[in-house]
Amino acid sequence: MALFLLGGRLIKCRCDIKRIMTAIQPYCSSVASGRQHVNGVDLYYEQTGRGKHAVLLLPGALGSSRTDFGPQMKSLNKELFTLVGWDPRGYGQSRPPDRDFPPDFYERDAKDGVDLMKALGFSKFSLLGWSDGGISALIAAAKYPDLISKMVVWGANAFVSQQDLTLYNAVRDVSKWSVRMRQPMEEVYGVEGFAKTWEAWGDGISQFAKRPEGSICLELLPLISCPTLIIHGEKDPMVPSIHPQVLLKQIKGSRLHLMPEGKHNLHLRYADEFNKLVEDFIED
């Protein structure tokens, strides 16, 4: 069982590292990239496809379009969708600034993502949110309902429990990780930069445990009105099964799809199955 970090969450992975690294190779010659000034920062984004249905892809903690969504940018139907991947402020190529984690950092990411799409000329779009990006997607769908068509989230949680804190603390010290685990993020942020940013992320997400019910965005879930698909890997070591169940219960009309062998990176490990679920749901 290899351990690997993607999207800001440590995952156990039966597949070899080569398969995962293949997923984040340069993925499509027709991808256009650029920077857009949004809310005081320059956000890096990548865009591909010419379909009428625009889709924003929200990466996980410390993640980026290129590291987190290679199989989606490459293989989702370009005739149906226009895909926009991006690096949230302080992540990937959206630096400077350095990343920080104030109490509203998920709301800030949600607003940045929505405002990026508006700046790119999209008045209505769907959301694909993984892990931390899933949390920001939930907030965006609740706060900007007129802009969001549909939403797919996986590996996301709307609250932080003591069990969650134990999971986060277990992977807090990156010096205890293998070189193979650290290398992808160290290549992006540098050795010291990765360790510092990862520790700051741990502090950032842990602060929610001090709130009533550990809420990140529990109170916003009933405000979500767009059709929502929740996908959960039943072998996800970082997101206990209570989290998708809470989302299913609190988001009106949502549906839950379980992947028995899926882990935290199910969209990379089972990209064909995941992409088919997304295409069918958005086009339904």
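Visitor: What share of the contacts with a separation of 6 or more comes from residues 24 or more positions apart?
Guide: It is 75% in the protein chain. Keep in mind that this is a predicted model.

Visitor: How many helices and strands are there?
Guide: The protein chain has 11 helices and 10 strands.

Visitor: And how much of the chain is buried?
Guide: Buried residues make up 60% of the 284 residues.

Visitor: How many residues are in the largest nonpolar core?
Guide: That core has 64 residues. F125, L127, W201 and L221 have the most contacts inside it.

Visitor: Which helix gives the most to this core?
Guide: Helix α5 does, with 7 residues. There is also a second, separate core of 21 residues. W130, F274, L277 and I282 are among its members.

Visitor: Back to L221. What is it in contact with?
Guide: Setting aside neighbours within four places in sequence, L221 is in contact with L138, A158, V246, L247, Q250 and I251.

Visitor: Where is V246 found?
Guide: V246 is in helix α9, which covers residues 242-250.

Visitor: Is V246 buried or exposed?
Guide: V246 counts as buried because its relative accessibility is 18%, and the cut-off for buried is under 20%.

Visitor: What does V246 contact, leaving aside neighbours within four places in sequence?
Guide: V246 is in contact with F159, L218 and L221. F159 is 87 residues away from V246 along the chain. Their C-alpha atoms are separated by 9.4 Å.

Visitor: New topic: cavities. How many of 30 Å³ or more does the structure hold?
Guide: It holds 4. The largest cavity has a volume of about 60 Å³.

Visitor: Which lining residues are closest to the centre of the largest cavity?
Guide: P59, D109, D132, G133 and S136 are the closest, out of 13 residues in the lining.

Visitor: Which helices supply at least two residues each of that lining?
Guide: α4 (105-119) and α5 (132-143) each do. The largest share, 3 residues, comes from α5.

Visitor: How does the lining of the largest cavity split by class?
Guide: It has 7 nonpolar, 3 polar and 3 charged residues.

Visitor: What about pockets? What volume does the second largest pocket have?
Guide: Its volume is about 160 Å³.

Visitor: Which residues line the second largest pocket?
Guide: The lining is G90, R95, D98, R99, Y189, G193, K196, T197 and A200. Helix α8 (residues 191-206) gives the largest share, 4 residues. By class, the lining has 2 nonpolar, 3 polar and 4 charged residues.

Visitor: Y189 is in that lining. Which residues of helix α7 are buried?
Guide: Y189 is one of them.

Visitor: What follows α7?
Guide: G190 does. Its phi is positive, near 85 degrees.

Visitor: Last topic: cysteines. How many disulfides does a search of the whole structure find?
Guide: The search finds 0.

Visitor: Is C217 buried or exposed?
Guide: C217 is buried, with a relative accessible area of 0%.

Visitor: Why does C226 count as buried?
Guide: C226 counts as buried because its relative accessible area is 7%, and buried means under 20%.

Terms used
Residues are numbered from 1 along each chain as its sequence is written. This is a predicted model: local features need pLDDT of at least 70, side-chain atom pairs count only at pLDDT 80 or more; totals for chains, interfaces and linings use all residues. Side-chain values use heavy atoms; hydrogens and water are left out. On a 1 Å grid over the protein atoms alone, a cavity is a set of points where a 1.4 Å probe fits but cannot get out, and a pocket is an open set with protein on both sides within 12 Å along at least five of seven lines; lining residues have an atom within 4 Å of a point. Grid points are joined across faces, edges and corners, and a volume is the space filled by probe spheres set on the points. Ala, Val, Leu, Ile, Met, Phe, Trp, Tyr, Cys and Pro count as nonpolar, Asp, Glu, Lys and Arg as charged, and the others, Gly among them, as polar. A disulfide is a pair of cysteine sulfur atoms within 2.5 Å. Buried means under 20% relative accessible area, exposed over 50%, partly exposed in between (1.4 Å probe, protein chains only). A nonpolar core is a set of buried Ala, Val, Leu, Ile, Met, Phe, Trp, Tyr and Cys residues joined through side-chain atoms within 4.5 Å. Contact means heavy atoms within 4.5 Å.
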